[in-house]
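Below is a briefing on chain contacts and helix packing. The structure comes first, then the points by topic.

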Amino acid sequence: MTGQPSTTLAPKASRATRRGRPELYTDYRADQAIWNTPAKRFWTAALVLVGLYLPFTLSRDLTGLLTLVFIYAIGGIGLNLVTGYAGQVSLGHAFFLGLGAYTAAFLGGEPSGTVRGLELDLLIWLPMAGIVPAFVGLLVAPLAARVRGLYLAILTLGLVFMGEHLFKEARTFTGGPGVGRAPAEPVVFGYNLYARQTILGVELPRESVFYLFCFALMIGMAILARNLARSRWGRAFAAVRDRDIAAEVMGVPLLRTKTLAFVLSSFFAGIAGALLSVVIGRITPENWNLLLSIDFLAVILIGGIATISGSLIGAAFVVLLPRGVEWASGYVPFIGGAGGSGFISVFQLQGILFGALIVLFIVVEPRGLFGMWLRIRNYWKAWPFSY
Amino acid sequence: MVHVRPLSDTLTGTSVDLPAGQPIIEVTDLELRFGGTRAIDGVGFAVAQRELFAIIGPNGAGKTSIFNCISGVYRPQAGSIRFLGEELIGQRPDLTADRGVSRMFQNIELFDNLTVLDNLMLGRHQHLHYGPVAGMLYRGKAQRAELANRRIVEDLIDFLGIEKFRKFPVGMLPYGVKKRVELGRALAMEPKLLLLDEPVAGMNVEETEDMARFILDIRSELDLAMIMVEHDMGLVMDLADRVMVLDFGRRISLGSPEHVQRDPEVIRAYLGEGDSGPSLEEQAADAEALAATEEVTP
């Protein structure tokens, strides 16, 4: 054989041959695809269709909540790149979210007597909300790449506190503690994405419009991250996570790989922060504290380390859990409302459940909800046999 | 329609044009100290292209330390390691790998959470030249590179006979298969020099024979040089062109397997001095005493 070897093994099999054999591949391209089985293609399409339909039927409140899920998913994917895939624990995620939010607010927000704003288009402030944190990530990465494990956690923890202080002091950008400022206006060519609009002849509330935007963005960024994960860089991340010395001997440059992980993670965090600020409405420096970092750690721990779909599941879980508890509390007698009657208040219960679930997942199913899904899937694949 | 290509077609980067007589790697007066301990003490050797060079010696003699110096994990205090005429000491491990040195580890150092396929593709890391943005888009150049390298990796999977484990996470595989995967990953790097650190350690006879067969196949199909550290003397004496013997960090013998086997220094290092330890008469007396006590106790 001469020249470029073929990556196709055989002509495409007929429909009848492929039926019931989802893993019959005749070329490497199909094998390496993201959606490499008919079932995955079907369910992804179905979920996307449902996702597109929801904002037309759900209440404004629930639509807003689901938008928050998508935003958390973007941030969670970012954290999963650095902590899940590359194995570099980061408690500093909230700092990068805040940085993205303030970059966006400065570039896209309205100026007032106390804070600056340039009122630029979303097409400028949204990419910049990713690029500025990514650049800061690039500056921090060489420091962070020198330490690992517990020391890295403390180092990134310092980042959150430094950031919070910075946000409090830079009053002309952030409005200062307790006061805050208005976020960026999501305006594309004069078309406001967070205002009542008419789409396909249906008049939609602002929550639904922004929902659709975040949904599309989340899908796009998830695909980018998933592609990266199956590329040489994703493998290098995993190699650095599993055995860094062996990775280096195999030709993976440690510093460059870790830096890339931090930069990408900060980019995703910045975008998520900018979108989050739009939903929050008025942002204060206190929004970007350690608790937010922990929220995102919970997203990836509960959803599943080193999986993109896991980040989405985890985001849904973390965002929807408090609402679910609130809803359930109406039916359980000893839980009191916000007033303080009853054995335990809803807010206490939310906090306790949240902590307990993180502990439970680490102990019982470290692969998170995604791991549970894999187990269920494998059980039914093998059913009725146990192996 | 599976095309089985000879390894030399798959891994074209393993041969190098060297002037006759120039070694592929030349180590001189290598010295490595940990505090007061001299792990390697003035060791020197040269390996020619296509040669299989074995390093043997008792535990702690410094064999693996030499590998760690070559691949850049340790930085020796003195001496030089010239690979294709260029100094390797002080070089970052990934750049050393990039130049054409690859390695199999003594204690398997595979990436347990990745599949066999991904582990082998990781060996191709330096041969895939696209950047992170191209990776995120996964189109055009990046995808073509992935597919072409997948083909190469599949050839290696064929060669090593691990087709059925292709999509398994490496952590789940049995020991013997892991060793094969590790050999595959080292080969995937298209090395000009392959370091084998105890390739058959802990293997049974059949697995050892398989590994020996792979090493022989690599020799016959590729131009690369190999340095092998191994305790299995049968394997070393059968396969190696030349053998170097280390003891306490010093080179005590170097030559053909036959020469090394007869070298009195080597025999002393492995079996000890003739007059140390109890003599035969003393041992016999001890054994009799032991037998006597055993008769008394019920």
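**Contact between chains A and B**

The contact draws 29 residues from chain A and 37 residues from chain B, two residues being in contact if their C-beta atoms, placed from the backbone, lie within 7 Å. This is a predicted model: local features need pLDDT of at least 70, side-chain atom pairs count only at pLDDT 80 or more, and totals for chains, interfaces and linings use all residues. Residues are numbered from 1 along each chain as its sequence is written, and chains are lettered from A and ligands numbered from 1 in the order in which they are written.

- On the side of chain A that touches chain B, two or more residues each come from helices H2 (28–32), H9 (206–230), H10 (232–242) and H11 (244–249) of chain A; helices (H or I, at least four residues) are DSSP runs, numbered from the N terminus.
- H10(A) gives the most to this side, with seven residues.

**Helix packing in chain A**

- The axes of helix H4 (residues 60–85) of chain A and H9(A) come within 9 Å and cross at roughly 20 degrees; axes are lines fitted to C-alpha atoms over the stretch in contact, and angles run from 0 to 180 degrees between N-to-C directions.
- H4(A) is therefore roughly parallel to H9(A) (angles under 35 degrees).

**Helix packing in chain B**

- The axes of helix H4 (residues 116–123) of chain B and helix H6 (residues 140–160) of chain B come within 10 Å and cross at roughly 115 degrees.
- H4(B) is therefore roughly perpendicular to H6(B) (65 to 115 degrees).
- B:Leu117, B:Leu120 and B:Met121 of H4(B) make the contact with B:Asn149, B:Val153, B:Leu156 and B:Ile157 of H6(B).

Notes. Parallel < 35°, antiparallel > 145°, perpendicular 65-115°, else oblique.
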